Amino acid sequence: MDRRSFLTLSGATLMGAALSGTAGVFAASGKAPHDLKIQTARYKFLDGFTENMVSLSKDAPPPVIRMRQGEPFAANVTNTLAEATAMHWHGIRLPNKMDGVPYLTQWPIQQGETWHYAYTSKDAGTYWYHPHCMTMDQIARGLTGVLIVDERRDPDFDAETILNLRDFRIGEDGQFLAFSSPRRASRAGTLGTVMTANWEQNPVYRHPPGAIVRLRVAATDTTRIYRLALQGGAGRVLAADGHPLRAPLSWPSPERPIVLAPGQRLDIALLMPADEAQDVVLTHMAASGAKPLATFRSNGTPVKRTLGDIPDLPANEVPDADPASAKIIELVFGWSPDGLKPNNGICGTLGYTFWSINRKPWPGDAVEGIRPVAELRLGQSYVLRMRNESPNAHPIHLHGLVFRPIRSNKLKRASNWTDTIVLTKNETADVLLVADNPGDWAFHCHVIEHQKTGLAGYIRVT
Ligand SMILES: [Cu+2]
């Protein structure tokens, strides 16, 4: 691989985060950078250890990373794996060169190399981080963590539980099964075999009776689209995909679960039962029945709170678009033309394409001359008219910008800011945004098998 040959790939500037000796990047940051070392790990899900996992330590899930709204954050990401990687900070509206997308915003981080990331999040909320190179393998093997941007002033909750929801695809011997197959990649994707929250099966978290708990839930699985319900508690949904709600969402009940697709997050205020030893259970409402994901048990000295004590979260400062002047851009998600083989770059390929945006499958990483699927003018308002012409659901994720749905031919959607919208079968949804962040922004399905078999592209803002 000749790195220099990719210099012409896009208009993105590949400066600012060089491979070594970039102390200057941290000049604006008063704090020491986090040292994140991507490494192989092992963990006990079943009887024995599952080997060949990927995390940031040798025997634990990737940690929750916290930063404060409006304050600089920096991380040194070191790759100790024998394959390339790159780190993406999902949902954060950051400078393009910090976005962690190989060939679009940076070089892949090769074995033994360190990449420096530094940015300041203007938004508070619940986000997550994951690799954007060798994505199928490294996410399936464990490398997904929750990223929290705390509000400038801490809201008044009694407690907090952070849940990283995901599956692992392991066999009875505790070792990984194949993460993908062509048959499933061309349909809904390959599901895992063990459902976890924070790498545990139905962990129990204890909170005082009557306490108001902030639940932060992130769906970081490669494939599973959760239908979440809380059984036995009361409360209010506060935020979706990092952003406090503009339009209310109903309480996630077994009758009306909330869909949470790969990449999406929810912040929920849960009022614990007033009595001791009562359980509230977060469940996935699968077609085959309710699957418990995590349990919240009232335990300890009671806190006598009511629903009226739930604090409101301050809105993030997202510029609202002007629907009257918004230009419409049409995007179609569907099958790919036959016979196209993706380029086998160092960031991984499944070897075939099934999916496309506007009939063009992503031709593989490190291909020169790939055009953006849309070119937006900085500061201009747009409607992205997104049409899913397939029978499968696609959580479509846009980096660097947020948008809100304003119309759908199938669903009544709350018009909340998001970075990931789940398009259902044959749905056409209009979303509104202001192109307020310059750069080349990755735009793809977050079912990783769909992303890696063609359902990917990028949107250019200049
Ligand atoms: Cu998809």
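Me: Which residues belong to domain 1, domain 2 and domain 3 of the protein?

Reply: In this predicted model, domain 1 covers 3-150, domain 2 covers 159-309 and domain 3 covers 327-461. Domain 1 and domain 3 touch, with 23 residues from domain 1 and 23 residues from domain 3 taking part in the contact. On the domain 1 side, 13 of these are nonpolar, seven are polar and three are charged.

Me: What makes residues 1-29 a stretch to treat separately when it comes to pLDDT?

Reply: pLDDT stays under 50 over residues 1-29, and local features here need at least 70. The model still has 42 contacts for that stretch beyond four places in sequence. For the protein, the mean pLDDT is 92, and 93% of the residues reach 70 or more.

Me: How do you know that the radius of gyration agrees with a compact globule?

Reply: With 462 residues, the globule rule gives a value near 23 Å, and the protein has 21 Å, so the two agree. The C-alpha trace spans about 65 × 55 × 50 Å along its principal axes. Buried residues make up 49% of the 462. Of the contacts between residues at least 6 apart in sequence, 76% join residues at least 24 apart.

Me: What secondary structure does the protein have, in helices and strands?

Reply: There are three helices and 29 strands. One of the helices is α1, residues 135-140, and isoleucine 139 sits in it.

Me: Why is isoleucine 139 called buried?

Reply: The cut-off for buried is 20 or more other C-beta atoms within 10 Å. Isoleucine 139 has 23 such neighbours, so it counts as buried. Beyond four places in sequence, isoleucine 139 touches His130, Pro131, Thr144, Thr222 and Ile448. For leucine 46, 93 residues away along the chain, the C-alpha separation from isoleucine 139 is 20 Å.

Me: And what makes alanine 219 buried?

Reply: The count for alanine 219 is 26 other C-beta atoms within 10 Å, and the cut-off is 20 or more, so alanine 219 is buried. Its place is in strand β12, residues 212-219. Its contacts beyond four places in sequence are Leu165, Tyr226, Leu260, Ala261, Pro262, Gly263 and Gln264. Take glutamine 264: it is 45 residues from alanine 219 along the chain, yet their C-alpha atoms are separated by 5.6 Å.

Me: Which residues have the most contacts inside the largest nonpolar core?

Reply: They are Tyr117, Leu270 and Leu433, in a core of 119 residues. Strand β12 gives the largest share of this core, six residues. As for leucine 270, the residues it touches beyond four places in sequence are Val213, Leu215, Leu230, Gly233, Gly235, Val280 and Phe296.

Me: Why is arginine 246 called partly exposed?

Reply: Partly exposed lies between the two cut-offs, 12 or fewer for exposed and 20 or more for buried. Arginine 246 has 14 other C-beta atoms within 10 Å, so it is partly exposed. You will find arginine 246 in the loop between β15 and β16 (258-260). Setting aside neighbours within four places in sequence, its contacts are Ser415, Asn416 and Trp417. Glutamate 375 is 129 residues from arginine 246 in sequence and 28 Å away in space, C-alpha to C-alpha.

Me: What makes asparagine 426 exposed?

Reply: Its count is 12 other C-beta atoms within 10 Å, and 12 or fewer is the cut-off, so asparagine 426 is exposed. Asparagine 426 lies in the loop between β26 (420-423) and β27 (428-434). Its phi is near 55°, a positive value in a residue other than glycine.

Me: Is aspartate 241 buried or exposed?

Reply: With 24 other C-beta atoms within 10 Å against a cut-off of 20 or more, aspartate 241 is buried. Its phi is near 50°, again positive in a residue other than glycine. Aspartate 241 sits in the loop between β14 (234-240) and β15 (243-244).

Me: How do you know that aspartate 419 is buried?

Reply: Aspartate 419 has 24 other C-beta atoms within 10 Å, and 20 or more is enough, so it is buried. Its loop runs between β25 (404-408) and β26. Beyond four places in sequence, aspartate 419 is in contact with Gly91, Asp241, His397, Leu398 and Val402. Histidine 90 is 329 residues from aspartate 419 along the chain, with 8.5 Å between their C-alpha atoms.

Technical notes:
Residues numbered from 1 in each chain as written. Predicted model: local features only at pLDDT ≥ 70, side-chain atom pairs only at ≥ 80, totals over all residues. pLDDT = per-residue confidence, 0-100. Contact = placed C-beta atoms within 7 Å. Domains from an automatic or database assignment. Nonpolar A, V, L, I, M, F, W, Y, C, P; charged D, E, K, R; others polar. Helix = DSSP H or I, 4+ residues; strand = E, 2+ residues; numbered from the N terminus. Rg over C-alpha atoms; globule rule 2.2 N^0.38 Å. Core = buried A, V, L, I, M, F, W, Y, C linked by C-beta atoms within 7 Å.
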